[in-house]
Amino acid sequence: MYLEKINSPKDLKKLNIKEMESLAEEIREALFNRLTKHQGHFGPNFGMVEVEIALHYVFNSPVDKIVYDVSHQSYSHKMLTGRKEAYLCEEHFDDISGYTDPKESEHDFFTIGHTSTSISLATGLAKGRDLKGDKENIIAVIGDGSLSGGEALEGLDFAGSELNSNLIIVVNDNQQSIAENHGGIYKNLELLRNTKGTGENNIFKAMGLDYIYEENGNNIEKLIMLFEKVKDIDHPIVVHINTIKGKGYKLAEDNKESWHWSFPFDRKTGNPTIHFGDGETYEEITSNFLLEKMKKDKTVVAVTPAMPSTIGFDIEKRKQAGSQFVDVGIAEEQAVALISGIAKNGGKPVLGTNATFIQRTYDQISQDLCINNNAATILLNFSSFAGLTDVTHLGIFTISTFSHIPNLVFLAPTNKREYIAMLNWSIEQTEHPVMILIPGNGVIEDNRKIDTDYSNLNKFKVEQRGTKVAIFALGDFYQKGIEVANEIENILGFTPTLINPRFVSGIDKELLNELKKDHSVVITLEDGILDGGFGSSIASFYGIDNMKVKNYGLNKEFYDRYNPDELLKTLGITKEQITKDIKNLL
């Protein structure tokens, strides 16, 4: 085996082409070893094996600096830079993250998990190099899907006009984002592929960049020749290569969307080896609900920035929706401005994406949407602490980030029926922009009465009347509020008041004043960080009163690959710990 002997790129440089081709096969076997047992990005990594071998053969990492966009395609890079054990030995799987991480290796320069970033980051490395008078190569690797993101286009624009020194931009063109690509730039990429890079219209050249094309992007020998041509170049150049996403596994090659990322699976069948039950998911609840709305109302439209699966729109459902489903590509800012315009002109838009990605759009939500007070709906998935736990994909900052924007009605449902009621109200009302957190603690159905009208803004709902202690249990943490209320009754012998706030974006001052009469302690529970969160607004309200307030939530911290249950215990967010705290407060 060759892979076992690769401890750094220096070992790779000792191999000939045939040996590197064998190494590529071994790397794919190592990818299978890990990904059949451990969830991760499949298609991007299988398609980039030869590219990363050639990059490390030609360039001198870490002196020459390679920046991987998103970095979800960097698994081969990790194997070639001393981390192969994390792919060969199951006991070492958790030694590394699924993205580049400077704490892991000197060959990684940024912790990256969001898209469209590598070109801009690389221009910064290049400028820093030039200021010092150094001469190393700076290489940005970016997929064609990521080119639709605004930051990528800004990086290209800057590189083509303002950077007059070495910068190598490797555009990995596999004709696929997570789902299919969307955007006018892909018509030009198609032209360039069809003309083998000779097409008269060339977006990269139009931006002032040099350009070279290679149609055999999975051929190690041709890639080495290509990279040797551009090594030590004295100006920015785009190296456009055509690759096969998922190469080496027919199921992934034929079903690129479903194999972008995978749970552990059976290699022979491709079927997941983890069973998640047969119950509903909020993804399918959302898509089914929206499809029914679309059938009845042609002005209802679902919009996503390259994340159709997060609101359940698979290929078949996208076909059913037709023109009432819009994927803007990896362009979250465009998505927010688009829904504001649709709403202004009489449409009923619903934008769906993951909470981590909406962070890019603070300005658009504030300026393009909320100042104009247009009645669009934003649905955010994976905002829960128990959802995506990688440091680059955390949703726990969502409440503190967006709850303070004027005019934005921010809702946190506690179960399935409340979620559907809030979504339906939001689509039909015409007064406010609305943000709704898709529940992240499972599809919960209970017998509580659910309101259908949320026009009386910031009106909290008292689910259980009691005395002494009031529990404000927001969204995903409402069920924890129930547990705490029951524990108080069992251990302390009285019934507390349990409140479902529903609204993240304001407080119910009437209710808060009323609680002063027969309550002395208030606790808040929220699925997000405490700094600037929901609980802080409650504590601030009671600041000059005798009411004792204790907030429960997460710290302002970049948590990474944590165990959710262990984190709750560490933070004191269990029914036993909270009840003990309450006893002491009383």
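Okay, let's start with a pair of strands: β5 and strand β6, residues 236-242, pair in the parallel sense over five bridges. If you want one spot to look at there, Y213 stands opposite H240 in β6. Before I go on, a quick reminder that this is a predicted model.

Now, what sits against those strands? Helix α9, residues 185-194, lies across β4 (167-173), β5 and β6, and runs at about 75 degrees to β6. Then there's helix α11, residues 220-230, which packs on the sheet and touches β4, β5 and β6. The direction of α11 makes about 170 degrees with that of β6.

Let's step back to the whole sheet. It's an open sheet of five strands, in the order β2-β3-β4-β6-β5, and the pairing is parallel. Which strands stand at the edges? Those are β2 and β5, where β5 covers 210-214; each has a single partner strand, so one side of each has no neighbour in the sheet. On average, neighbouring strands here are turned by 20 degrees against each other, ignoring direction.

Have a look at β2 itself, residues 65-68. Are its faces covered or open? Both are covered: K65 and V67 on one side, I66 and Y68 on the other, and all of them are buried. The partner of β2 is strand β3, residues 138-143; the two run parallel and are joined by four bridges. Within β3, I139 is the bridge partner of I66.

Okay, next sheet. This one is also open, with five strands in the order β14-β16-β15-β17-β18, but here the pairing is mixed. At the edges we have β14 (461-464) and β18 (548-554), each with a single partner strand, so each has one side left without a neighbour in the sheet.

Helix α20, residues 478-492, lies across β14, β15 (468-473), β16 (497-500) and β17, running at about 160 degrees to β15.

Let me move to strand β11, residues 377-381. How many of its residues are buried? Five of five, so to speak: the strand is mostly covered. T377, L379 and N381 point one way from β11, while I378 and L380 point the other way. And β11 has parallel partners. With strand β10, residues 348-354, it pairs over five bridges, and N381 is the bridge partner of N354. Strand β13, residues 434-437, is joined to β11 by four bridges, also running parallel, and L379 stands opposite I436 in β13.

Last stop, out on the surface. W261, F263, I274 and F276 form a nonpolar patch there, with about 370 Å² of accessible area together. F263 sits in the loop between β7 (261-262) and α13 (282-296). Is F263 buried, partly exposed or exposed? Its relative accessibility is 32%, so F263 counts as partly exposed, since buried means under 20% and exposed means over 50%. That's my tour, thanks!

Key. Residues are numbered from 1 along each chain as its sequence is written. This is a predicted model: local features need pLDDT of at least 70, side-chain atom pairs count only at pLDDT 80 or more; totals for chains, interfaces and linings use all residues. Side-chain values use heavy atoms; hydrogens and water are left out. Patches are made of residues with over 30% relative accessible area and no salt bridge: like charges are joined within 9 Å, nonpolar side chains (Val, Leu, Ile, Met, Phe, Trp, Tyr) within 5 Å. Accessible areas come from the Shrake-Rupley method with a 1.4 Å probe; for residues, only the protein chains shown count as cover. A salt bridge is a side-chain nitrogen of Lys or Arg within 4 Å of a carboxyl oxygen of Asp or Glu. Buried means under 20% relative accessible area, exposed over 50%, partly exposed in between (1.4 Å probe, protein chains only). Two strands pair if DSSP finds at least two bridges between them. Contact means heavy atoms within 4.5 Å. Axes are lines fitted to C-alpha atoms, for helices over the stretch in contact, and angles run from 0 to 180 degrees between N-to-C directions.
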